[in-house]
Amino acid sequence: MYIQEEAHVAVHWTEYPERVETFGDLSSILATLDNHDMEAGFTADSFRNERGRTTAYTVDFYNKQYRFHPRLDQMPGLERLLDRFNIDGHDTLTLSQFRELRTRVANALKCSRTEVDAMTFIAIEDALDAAERPPKLPVSAQRPFEAGIKTFGDLLLSVQGVEQVVASLRATADSMNNDPGTGHWRLQAGMYESTAEHKDHPAFPFLEAHVNRVYGVFDYANLLRVRGEVCAIRQCGTRDVDQLTVEQVVSVLGCPGAPAVHLPGAPTPRQTDAPADGALATATSAVPEPNQENVAEQSPIVYTVSDVRDLMRYQGELARFEEWRQRTYKPVSSMNEFTNRAHSMALNAPQSGRLTPERAVELSVYRQLVKACRATLHKELDELALLYFVGEVADSHKRNIEAMWPLSLNEFGKLMDGLIGTNGAGVANGQEIKTSEKTSVPATSTSTQNMPANNSETGSPKLARNIGGRPKLGKGPKTTPQQNALRNVYVLIRAKYKPGVGPKALLDLFRNDKDFRTRVAEADETVDRSLFKNAIAWIKDNPDQETQSGNVS
């Protein structure tokens, strides 16, 4: 027996139903209401079904225009859709607003308006949530190595799997054309890429640095080139290389700073000459075991002065990010505002470099810098204070400051020893002051006792001559960063000064020099004629002081 399916009957607005659950019913109600206003007009009989009942909506009039007020508790799911698409129809909903909502829902679900009209508000909300939910990753991609990455072959598979999943997530985001939920997919891709398991391997920083230096970006394609490089060094096949541990591969490549790993019966790393088998056995047997005293100082990662600078920059950015977070916090916000803020914080939060604050406090050189900064500059260590200390060490050893950043912290600590102490910069144990001429002067020397505070004629700082050295502006145990910066400014002026040139001509010469203005600001001075007048007086008082690149920090 054939039973004809009951056709959907359009709902007229005058019926005043108690519940409205589908897009089609709400569309019919709003359309008939709008047509009734234009054709028949409103009479008392139009509102007969509203009396004495709890209906899904009410209709009233304002300035000779009808107003449709939905009761959201009688239209389950509609409020969430209005919030999701930022449509202000909670109190008064118009036909144009409803059509805009239906169009945006159809675009998000990639279906027709007819299909949308047949769905309930709750079903549409569930479908939108499912569309924004990340895909279920294959088991091999979720946790490919539960026991950890041990061999180079494991590392290759991990990098390849992560790249495939991230590419799939980002392709899905690109196909959405910036529809709601696009940021969620991109955030998932970024989180999966940043938390990849192979990045937690102790030897990963050395391998990544080698790939970046030789081949470029660290990816699966360049990692295959590294495997070929190791095959050429060891004169073996790819299967043998895949069975090596990551530490052994890094050792074969001779990555700087990586701990040496002995490979029995294999060529030694290319950075050293291969000794005889007997010599190798003797050398390896002579290596002492680390004791408990120095085990805390030993680390597979060799940190440099540049890593400390990156840490200072990270801490500065983190402080500014925290200040922004506190400033933009709102106790009450909509769901859309809360989601956008969460995505923005996740994507813009600063990320630390190789050296983290937790690892830095374990390094003796870093702790020495912190103590010296508190004792000398009376503040916490930051990027400017680190630049000041590095400049002092570079100036004392006649080096360029750019050559100091690649130094390991152990090498920098040896250069810094005796120059920067916890009792003040330039003071070693409160006994001696080491100058750039490699001479020692007692801290109570008459060269500092007889030092005048200012030049009475010019008003510029003028220091007496150190014993065995040239006059040094801004040098001594009580020098300040401003005095040191002013000395640098005078040295810059000396480089371009010619006899007979006055302050006005020098002012015109340096007026547009941005680097010069920055150094003047560090000295708490202003670029005016008085500055150049004082500089000329200092140059004349110190005719024997040479202008060298090492004098500028």
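Helix H15 supplies the largest share of the lining of the largest pocket, namely five residues. The structure considered here is a predicted model. In this model the largest pocket has a volume of about 570 Å³. Its lining comprises 19 residues, and those nearest the centre are Arg84, Glu132, Met335, Asn336 and Thr339. Two or more lining residues are contributed by each of helix H2 (78-84), helix H5 (121-132), helix H8 (182-194) and helix H15 (335-348). By class, the lining of the largest pocket consists of nine polar, seven charged and three nonpolar residues.

Helix H5, one of the elements that line the largest pocket, also packs against helix H3 (residues 95-109), the two axes coming within 10 Å and crossing at roughly 40°. An angle from 35 to 65 degrees falls between the roughly parallel and the roughly perpendicular ranges, and H3 and H5 are therefore oblique to each other. The crossing of these two helices, H3 and H5, is left-handed. On the H3 side, the contact involves Val105, Ala108 and Leu109, which meet Ile124, Ala127 and Leu128 of H5. The contact of H3 with H5 is made up of six nonpolar residues, with no polar and no charged ones.

A further helix pair is formed by helix H17 (residues 364-376) and helix H18 (residues 383-396), which pack at an angle of about 100° with their axes 11 Å apart. Since angles of 65 to 115 degrees count as roughly perpendicular, H17 and H18 are therefore roughly perpendicular to each other. In this pair, Leu369, Ala372 and Cys373 of H17 meet Ala385, Leu386 and Phe389 of H18. Six nonpolar residues form the contact of H17 with H18, and neither polar nor charged residues take part in it.

The axes of helix H21 (residues 481-496) and helix H22 (residues 503-510) come within 11 Å and cross at roughly 100°. H21 and H22 are therefore roughly perpendicular to each other. Here Leu492, Ile493 and Lys496 of H21 are in contact with Leu506, Leu509 and Phe510 of H22. The residues in the contact of H21 with H22 comprise five nonpolar and one charged, with no polar residue.

Key. Residues are numbered from 1 along each chain as its sequence is written. This is a predicted model: local features need pLDDT of at least 70, side-chain atom pairs count only at pLDDT 80 or more; totals for chains, interfaces and linings use all residues. Side-chain values use heavy atoms; hydrogens and water are left out. On a 1 Å grid over the protein atoms alone, a cavity is a set of points where a 1.4 Å probe fits but cannot get out, and a pocket is an open set with protein on both sides within 12 Å along at least five of seven lines; lining residues have an atom within 4 Å of a point. Grid points are joined across faces, edges and corners, and a volume is the space filled by probe spheres set on the points. Helices (H or I, at least four residues) and strands (E, at least two) are DSSP runs, numbered from the N terminus. Ala, Val, Leu, Ile, Met, Phe, Trp, Tyr, Cys and Pro count as nonpolar, Asp, Glu, Lys and Arg as charged, and the others, Gly among them, as polar. Axes are lines fitted to C-alpha atoms, for helices over the stretch in contact, and angles run from 0 to 180 degrees between N-to-C directions. Angles under 35 degrees count as roughly parallel, over 145 as roughly antiparallel, 65 to 115 as roughly perpendicular and the rest as oblique. A crossing is left-handed if the near helix is turned anticlockwise from the far one by less than a right angle, and right-handed if clockwise. Contact means heavy atoms within 4.5 Å.
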